[in-house]
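Hello,

Here is the structure I promised to pass on. My notes follow below it.

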Amino acid sequence: MQNAIEFNQVCKRYPEFYLDHLDLKLPTGQVMGLVGVNGAGKSTALRLIMGLIQPDSGSVDVLGYRLPEQQVLAKENIGYAAEDMRLYGAENLRWHMQFIQSIFPSWDPLYAEHLLKRFDMNAEQKTKGYSHGQRVKASLILLLARRPRLVILDEPTTGLDPVSRYEVLAELAEILRDENRSVLFSSHSTQDVEQLSDSITFLHKGKTLACQDKETYIEGWRRVLCSGTLNQPLDLPGVAEFKSNGSLHEIKIRGFEDAMLARIHAQGLQISQVERMTLEQIFIASVREVAKQ
Amino acid sequence: MNSIANRAVLNMPVIKQLVYKDWYLNRKLLAVYVGGGIFSLSIISLGEWQFFMGAIMFITMLVAMGNHQLSVTMINERKEQTLAFVMSLPVSPADYAMAKFLSNMVLFFVPWSLLVLATTIVILLTPLPDGLVAFTLLVCVLIAVNHCICWAVTMATETEGSFLLVMIGLNCLLNPALYLLARSPNIGGHNLNGDVVWTTTATLVLLCEILAIVLLLVGTLYFRSRKKVFY
Amino acid sequence: MYSTEHSHANKMVRPYEIERLHYLDNLRALAMIGGVFFHAMLAYSPALHNLWLTADREQSVFIDIVAWFSHLFRMPLFFVIAGFFVAYLVSKRGMRGMLFNRTKRVLLPFIIFLPLCLWAIVASLMSAVATVEYKSPFLQMVAQAMATPGTPPPPFSTMHLWFLYNLMFFCVLTWVFSYINWSRLYKLFSAIKPLPFVLLFPLLLIPGLLLVESPFPAPDKLLPQLWAFGFFGLFFALGYWIFSTQDFIDRFQPYCIALFVASLILYAAYYFYIPKEFTFPSTPFEFPQNIIVKLCEAYISVWMTLVCLVAGKRYVNSHSRTMRFFSDSSYWIYIIHLPLLFAVQYQLMDKDWGLLAKYSASVGITLLIGAVSYLLLVRWTPIGWMLNGRKRAVNKTETVAMKQ
């Protein structure tokens, strides 16, 4: 199967930031969540995908096109919405819809009307007065009604009220049913990523911390609570975080296997609880681990 | 792959839509300038001081419209973050540059041609001395040069500061340039002549002006389309 | 795609049904053909004797009285109707559609026919200078100028096609002014009672009229004339708003005769004051005569325009093949009438006929040639499509649109 997005050892250097040999593959029809704190490199990655910036080294291929050289061909099939993207304030959404329609033959007017209703949007209102939520929904209508093969969303749910967030996520879940459509969205809300995506990529300070199928990835993490006294530092591979409070210990483990519990036991600790972790917990643990190093 | 071929071909349908979009977004301002332009033309034939007021008003409308259009279509697009929206469309930086070239130049050169035509006709068909033709033509082309400089600088820098600086600078320089042209014995020297006098100096100045316009436009377009990416 | 801007205009529009438009079509045709009668009269006008190319030896004050009366409201009436149809186009096709349509129907004929008419006029003038024995004073002046090398060329003129040129400006200004919110003023306009209207609206025309001599000349310069905007432009605006005020014309029906009589009385005063022999450049009126003359011009032009609209609605609101032919051919006839009329009148200048015979012959021949050439050259050719649109297709769509 062709990959919708393929990053090969991509580097991009800015004075304050370095995107470090990024490898990223999004198979067609998959949904990938791009997770990272602010400044992790999510927006840079998305701009590379849109061909807006030139990588210093490595290669970026999107929908089979080399970027940025073939950005026009690629962008014909990419729907892109970014947090810092604004519509023309003096015009209404209807005008924007007509504008997009005049450029993309794939525009589906019926679907656009459906989305308008679904998001409870007034197409005749000038976009200047839009709230943040309305702006996000307007961008989504404009890009989804084109029915693009690849959807790139930069922080689509950030700052939305619970109702808008629910509506946006529900609509995204709906479009994800299409097997030919691939989606990449960045977020610092791990909850959304957990809810929507098939795979996740953790970015931190320009480096990939993880790039994996979501289920496998989450399955690989455990939070182990135990008690007892350690005479020497815990000898265990994949410990992302180790916290002690007197004789109580909390261990967060990456790449967990059942045999690890026996190893912990062998080092004199009584295991009281082993639990799965949420993506958010995993995310925090990973970032803090890197920060410690 | 055929990347070079892909880059060389401009995406004309989208460019056309971008140009329409720029004009449409600017339609109210355009209406004001068109209204002002018609008004200034309509007062020209009322009398002597009205002639000068109308002519200067028309030129002001033309220059102001050109500058306004530049700032709305290029600087505001960046400032108000609508550029990201445009960049998400299937356009390359070369397409974008071409769209900005067309939307700004057509809008300027259509009324500009009217200005040239109207002033020439007025001079030739009214009691004004025909010798003024050379001088006014050179001034008209100079105004076009100024617009092209403004456009080129705005395309290159896309910042409000540099645009304002250049605009103010050029407007300040226009007066000395007019003075020089008027004082030149081979150009302004024939202003009161009853017949059209076209000298080698006039040809030289005109050629320089046209060369400047061509270099500015072609150069800017060339450098902009060499850019592979927007940022 | 860019049609959202017209929502304001659309809101105001209550389109007339198709039946109601006939009288405007017919009135417009009358105003055009009236132009032929008017221009033919000028050859026999004592007032214009020194300034008109085809000024004849036969003259009558009666001609002056009639000609300058019709001059006060014929073109104002035309511009009211033009404004009405522009509003109709905007409501039907949007601002862009209107501008496109008017470019095709107004600007294009102007660009095509102005050089042709100029050429025809100059050609017949040259031949008249050589052949006419009883030359008019103006013709003599031309002959003299031609004999003296170095005489400056005459000022450029858009001639009788000035109304197309001005109309195009008005169409562009319609777009310009569409961005202003007129709703309050329009509300005032649509609610205004007949009496305040007939007393107040003419006052708006005074500034424009003050910029120009009396009787007002044709704004036939290449540079647009401010006074024409303030005079004909306001009539155009009036027509534009009448379109969306359905019963506007009906309101004046009870006052029709009174307005007509009042106009005649004012015209007596007006005729008393205007010079009996026009000069170029004209001598300006002294105060307060100038105010009286301008007030007369303003009131007569508005009142008589209203009278024509009311009378037109009552008497010429019919639709038949004859009327259709009349209204369709009038545009073409008007465009070509002046060179034709001049050519005919040059020939008549040396004839010893009476005034009425000369006048009837010049008008009759011009109209006949106009109508025949319309039938042969225009009606079913691209010229006709340009001037009046494609016959059957247009009629059908118009009817359908109106019924909806």
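Chain B and chain A bury about 2,800 Å² between them; buried area is the accessible area (1.4 Å probe) that two parts lose on being put together, summed over both. Carbon and sulfur atoms give 65% of that area. Phe85(B), Pro90(B) and Tyr231(B) supply 22% of what chain B buries against chain A, more than any other three residues.

Residues are numbered from 1 along each chain as its sequence is written, chains are lettered from A and ligands numbered from 1 in the order written, and side-chain values use heavy atoms, without hydrogens and water.

The contact (heavy atoms within 4.5 Å) takes 33 residues from chain B and 31 residues from chain A. Two chain pairings stand out by name: 2 salt bridges link chain B and chain A, where a salt bridge is a side-chain nitrogen of Lys or Arg within 4 Å of a carboxyl oxygen of Asp or Glu. Glu91(A) and Arg27(B) form a salt bridge through their side chains, at 3.0 Å, N to O.

The predictor gives the complex an ipTM of 0.84 and a pTM of 0.85. Chain C has a mean pLDDT of 89, with 92% of its residues at 70 or more. Residues 1-19 of chain C fall below 50, yet this stretch has 50 contacts beyond near neighbours in sequence. Where pLDDT is low, the predicted coordinates should not be read in detail.

Best wishes

Notes: This is a predicted model: local features need pLDDT of at least 70, side-chain atom pairs count only at pLDDT 80 or more; totals for chains, interfaces and linings use all residues. pLDDT is the predictor's confidence in each residue, from 0 to 100.
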